[in-house]
Amino acid sequence: MKVTVIQMDVALGNPEINRKRVSELIGSAVSGRGQVVVLPEMWNTGYALDKLDVIADRSGEPSTGLLQSLAREHKVDIIGGSVSSNENSKFFNRALVVNSQGELVHTYNKIHLFRLMKEEQYLHPGNRNKPFDLAGVKWGLIICYDLRFPELTRKLAVDGAEILAVPAEWPKVRLHHWRSLLIARAIENQQYVVAVNRVGSDGKNVFGGHSMVVDPLGEVLYEAGEQEEVFTVDIDIGKVAEVRQAIPVFSDRCPDCY
Ligand SMILES: NC(=O)CCC(=O)C(=O)O
């Protein structure tokens, strides 16, 4: 399976520019190659949280419709990172996943809201997260700060996830945590990790890029730099079962003992 990561800048508070950019990047980078494409966190608005009543999606639109038509047009599955979405005046940081037939196959509202970027003042947290099927593979998806809560990723892996997608807006100042936690989640859960960070600045934070794909042994298969970049990595999903058989963490774990 080929996974294409779109490491992009996000125009603060300007969904029109961001939708245009996402359309261009998906169109030019992946047209006709039959891949899973992954976008970063809050790519429609960035963290313009005080303007969400005007600029956020309403019930996932227009972002869902846009991703559905791009998926159909380019015949790609899209893990559409996350977008700010207004549900009856409650705002969520919501992940959207559409398959290549243009069907919305998964949504997830970020559970752990990040106080350092004031999310808890503007957004409502999600309260559930389950794996989903895409391109014949079982995926888990968490959003950015969720990465610091290993029990969430472990539960997704116990429930069957073989690959973890991590859309993010992770500041450069904590890149060391980003890299270390992504590699740790891959090793401890013996799964691939596909992590997509944004680049650029929103005036308050400079975002670090370093999107990466990590294999189930914790080897970094590709790591981007700190500029916009689109890259594709071949994933051998059979490696998940191989590693889980070689080091049987999932049969040796003892949740009743701790
Ligand atoms: N957007 C986020 O959730 C940022 C999380 C972050 O920066 C962290 O250090 O955790």
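Four aromatic pairs turn up in this structure, where rings of Phe, Tyr and Trp (its six-membered ring) count as paired if their centres lie within 6.5 Å, with planes under 30 degrees apart called stacked, over 60 edge-to-face and the rest tilted. Take Tyr 145 and Phe 149: their pair is edge-to-face, with 5.1 Å centre to centre and 90 degrees between the planes. Tyr 222 and Phe 231 give a tilted pair, because their centres are 4.3 Å apart and their planes sit at 35 degrees.

Keep in mind that this is a predicted model, so local features need pLDDT of at least 70, side-chain atom pairs count only at pLDDT 80 or more, and totals for chains, interfaces and linings use all residues. Residues are numbered from 1 along each chain as its sequence is written, and side-chain values use heavy atoms, leaving out hydrogens and water. On pLDDT (the predictor's confidence in each residue, from 0 to 100), the chain averages 96, and 98% of the residues score at least 70. The model also scores ipTM 0.99 and pTM 0.97.

Phe 231 is buried because its relative accessibility is 5%, while Tyr 222 comes out partly exposed at 33%. Phe 149 is partly exposed too, at 21%. Ring pairs also tie Phe 114, Tyr 145 and Phe 149 into a cluster.

Now for the polar contacts (pairs of N or O atoms within 3.5 Å). A ligand oxygen is 2.7 Å from an N or O atom in the side chain of Arg 148, and Arg 174 places a polar side-chain atom 2.6 Å from a ligand oxygen. Tyr 47 has a side-chain N or O atom 3.1 Å from a ligand nitrogen. Taken alone the ligand exposes 290 Å², and the protein buries 100% of that (Shrake-Rupley areas, 1.4 Å probe).

What about the cysteines? One disulfide is counted, taking cysteine sulfur atoms within 2.5 Å as the rule: Cys 254 is joined to Cys 257, S to S 2.0 Å. Cys 254 is partly exposed at 27%, whereas Cys 257 is exposed at 56%.

Methods
Buried < 20%, exposed > 50% of the residue type's maximum accessible area, 1.4 Å probe, protein only. Polar contact = N/O pair within 3.5 Å; in protein donor to acceptor, adjacent residues only side chain to side chain.
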